[in-house]
Amino acid sequence: MTLIQGFLIAYIVISVASIIWFLPKIISFRYAFKELPRKKATAMRKISVLVPARNESETIGALLESVKRQDYPTDFFTLNVIVKDPCDPTIELVEEMGGKIFVVADQTCKGEALDGYFKAIGADGIAEFDAFVIVDADGVLAPDYLSSLNEALEYDFDIFTTRKHNLNLLWGKESRSVHSNCSALLWPAMEDLGNAWRAEHNAPLNLCAQGMMLRRHVVQSIGGWPYHTLTEDCELRLDSFLKDFKTLYYTHAIIYTEEAVTHKENYKRRIRWLTGHAQCDRLYRERIKQQYKRDKQNGGRNIAAHDYLYGYFPFILFAIGTVVSVIAGLTLGTIYFINGDEQWFSAYMFLTVMPVGILYVLLWLFTLVTYAVGRDIFRTLPAREKAIMILYYPIYLLEFCPIYLAGWLNARRGKNIEWKETERVKQAEAPIGEAGVEAGVEAAEDNRVVDESIESAETDAETDVNTETENTIQEEKGE
C-alpha cells in the first residue's frame, strides 16, 4: 500500500464515520418543513416591547412606524425604548408616538441595557405584563407580529423566538449584496434546520434576542436580566439547560431584520457573535457537564445536554480528516514533483482537490436544503442573485472556521470586544415606513421583475450582437 492509498483510506473512513454520526440530525431536517399549528388566542395578554436603542435615531423610524401599524389593540402593549444618552434624539421620536423612554447611562452591552430597564420598573412593573419581547432598533415588525405573539402564548412554553425575514430585500439593489443575502440565509439554517432536532427532543433552541419573547415568570425567576456577555441570547439559552426553561420557535410571528452589506462589517459581526458564544461556553459548559453526569448517574438521559456538549463532534471529526488529507496531499505531491515521481498528480488530485471538492459539495447540498426551507424569505430576490448566493454560501460557511478560532482566542485571552455601533444601511429610499411592510414587499417584487427583465434584455442584446458579428465574419470569409 502506498502512502497516498493509506491517507486516502483514512480520509474515507473518517468522513463516512462522521456523516453516519451526524445522520440522525440530517434526518431530523424533515421537521423543518412541518408547519407549526397556529393556535387561536383565548385571551388578550399585555406585552412589553423592549427596544435597546443606543444612538439609533436615524434608524429607528421604520420600527416605530411598524409598531403604529400593529393590529394588536394598543391597550395591550407598551413600547419601551432604552437609550444611553439623555439627549439622544431618539427620545423625541419615541415620545411623539406615545412610547416610554428609559435612560440607562452606564450600559456597555445590550444585556446591561435590558437589566437597567427591569431594575427601573421593579417587581411591580414586571408584574403588569404577561410577556416581554425584545426588538432591535433596526428591525421592522409585520403588521400582525404582536397578535401572533399573543397566539404563541397559548403554547405551554417559557421562551419564544420568531421568524426572521430580510429587511434589505425591501430596499433598493444597492442595499444588499451576496454577503447580506448569505447572512439572511443563516436564519433558516440556525432556526429552522438547527432547531428542528432540538424541538423534537425538547432541547433548548438556538435563540436570537432580535424578536425573542419571555413570559413574565422567566424574568421574575432570573431577577431581571443577569446576562451581560456579548451574546446575551446565547447565555440565556445555556442557562435554560440549568433552569429547565422550555423554548419554542413560533414561525407565524415575522420580524424583518437588517443584514450587513459589506464583507468587512459582516465579518466583524460574526467575530463579535462567536466571541460571545465562546464567552458563554466558558461560563456554562462545566455546569452543564456536571448536570449531565448527575442525570446519567441517576439513570436518566439528558439528550439536550448531550447535544450541546457533544453534538459538534461529527463536524470536528470531518474537519480533521479533511485538513489532514489536504496537508498530506500538498506535502506528498510537492515531494513527488521535486523528485520527478509521477505520483505527484495523484497526491494532489485525490488527497487535496477531491476532499476540498467533497466538502464544497456537502456544504452546497446543505445550502440547497436551507434555501428550500427558507425560500419564502427570498421570494423577492432576483434569480441571478439567488444563484450567486447559493454558489457562494458554502464559502461563507467555511469562513466561520477562522472566525470561530478568533472568537475562541478572544474569549480565552479575556479580550474586551466593545459593544460598538453597527454600520447601518441608509434607509432614505426604503419603501416602508408609513406605507408599511406590505408596500415594501410589493415594491421589492416589482423591482425583482424589473431587474430580471433588464438582465434578460441585456442577455438578448448581447446574443444579437454576437450573432451579427458571427454573420459578418462568415460573409467576409465567403468573399
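I started with charges over rings. The charged end of R270 sits over the ring of F400, 5.0 Å from the ring centre. My cut-off: NZ of Lys or CZ of Arg within 6 Å of the ring centre and within 35 degrees of the ring normal. K46 does likewise with F129, its charged end 5.4 Å from the centre of that ring.

Ground rules, before going on. This is a predicted model, so I took local features only at pLDDT of at least 70 and side-chain atom pairs only at pLDDT 80 or more, while totals for chains, interfaces and linings use all residues. Residues are numbered from 1 along each chain as its sequence is written, and side-chain values use heavy atoms, with hydrogens and water left out.

Next, aromatic pairs. I counted 20 in the whole structure. Rings of Phe, Tyr and Trp (its six-membered ring) pair if their centres lie within 6.5 Å; planes under 30 degrees apart are stacked, over 60 edge-to-face, the rest tilted. Y310 and F313 are edge-to-face, with centres 5.5 Å apart and planes at 80 degrees. Y310 is partly exposed at 26% relative accessible area, and F313 is partly exposed at 30%. (Buried is under 20% relative accessible area, exposed over 50%, partly exposed in between, with a 1.4 Å probe and protein chains only.) Ring pairs join Y310 and F313 with W21, Y292 and Y312 in a cluster.

Y393 and Y396 are stacked, because their planes lie at 15 degrees with the centres 6.0 Å apart. The two sit three residues apart in helix α13 (383–398), so about one helical turn separates them. Both Y393 and Y396 are buried. Helices (H or I, at least four residues) and strands (E, at least two) are DSSP runs numbered from the N terminus.

Then cysteines. With a disulfide taken as two cysteine sulfur atoms within 2.5 Å, I found zero. For C280, the nearest cysteine sulfur is that of C234, 4.0 Å away. C280 is buried at 0%, whereas C87 is exposed at 65%.

Last, the cores. A nonpolar core is a set of buried Ala, Val, Leu, Ile, Met, Phe, Trp, Tyr and Cys residues joined through side-chain atoms within 4.5 Å. The largest has 37 residues; Y117, F118, F132, M212 and W225 have the most contacts inside it. Helix α4 (110–127) is among its suppliers, and gives the largest share, six residues. Beyond four places in sequence, M212 contacts (heavy atoms within 4.5 Å) residues including F132, I159, W225 and L236. A second, separate core has 33 residues, among them A53, V81, V94 and M213.
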